Amino acid sequence: MRDPDSVGVLVSDLGDAGLSVVLFRGGWADVDYFDGLDDGGPIPAFDITSAAAFGTQLDQWVSRVFGNLGKS
């Protein structure tokens, strides 16, 4: 049986914006982004204590990088 230490997610759009997240078993993540214009870099991410907390953080990171997609 495999027991991974991390899982990665890459979110991108048709332009140059991108969000890269690697979630580690210890409750932290390596998060980097580029908004497609002139802003980018790492985003601090620690104290992720559950899958629900990770989902909430991921939603916030996606909103930060890509705006409120699908919202009118």
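This report describes the salt bridges and aromatic pairs of a predicted model.

**Salt bridges**

The whole structure contains 2 salt bridges. In one of them, the side chain of Asp3 meets that of Arg25, with a distance of 3.1 Å from N to O. Asp3 is located in the segment before strand S1 (6–12) and Arg25 in the loop between strand S2 (18–24) and strand S3 (29–34), so this contact ties together parts that are 22 residues apart in sequence. Arg25 also forms a salt bridge with Asp5, where the closest N and O atoms are 2.7 Å apart. Asp5 belongs to the segment before S1 and Arg25 to the loop between S2 and S3, so the pair ties together parts that are 20 residues apart in sequence.

**Aromatic pairs**

The count of aromatic pairs comes to 2. Their geometry is given below.

| Pair | Centre to centre | Angle between planes | Arrangement |
|---|---|---|---|
| Phe24 and Trp28 | 5.0 Å | 15 degrees | stacked |
| Phe54 and Trp61 | 6.3 Å | 70 degrees | edge-to-face |

The rings of Phe24 and Trp28 count as stacked because their planes lie at 15 degrees, and the cut-off for stacking is under 30 degrees. Phe24 is partly exposed, with a relative accessibility of 23%, and Trp28 is partly exposed at 41%. In the edge-to-face pair of Phe54 and Trp61, Phe54 is buried, with a relative accessible area of 13%, and Trp61 is buried, with a value of 4%.

Definitions and conventions
Residues are numbered from 1 along each chain as its sequence is written. This is a predicted model: local features need pLDDT of at least 70, side-chain atom pairs count only at pLDDT 80 or more; totals for chains, interfaces and linings use all residues. Side-chain values use heavy atoms; hydrogens and water are left out. A salt bridge is a side-chain nitrogen of Lys or Arg within 4 Å of a carboxyl oxygen of Asp or Glu. Helices (H or I, at least four residues) and strands (E, at least two) are DSSP runs, numbered from the N terminus. Rings of Phe, Tyr and Trp (its six-membered ring) pair if their centres lie within 6.5 Å; planes under 30 degrees apart count as stacked, over 60 as edge-to-face and the rest as tilted. Buried means under 20% relative accessible area, exposed over 50%, partly exposed in between (1.4 Å probe, protein chains only).
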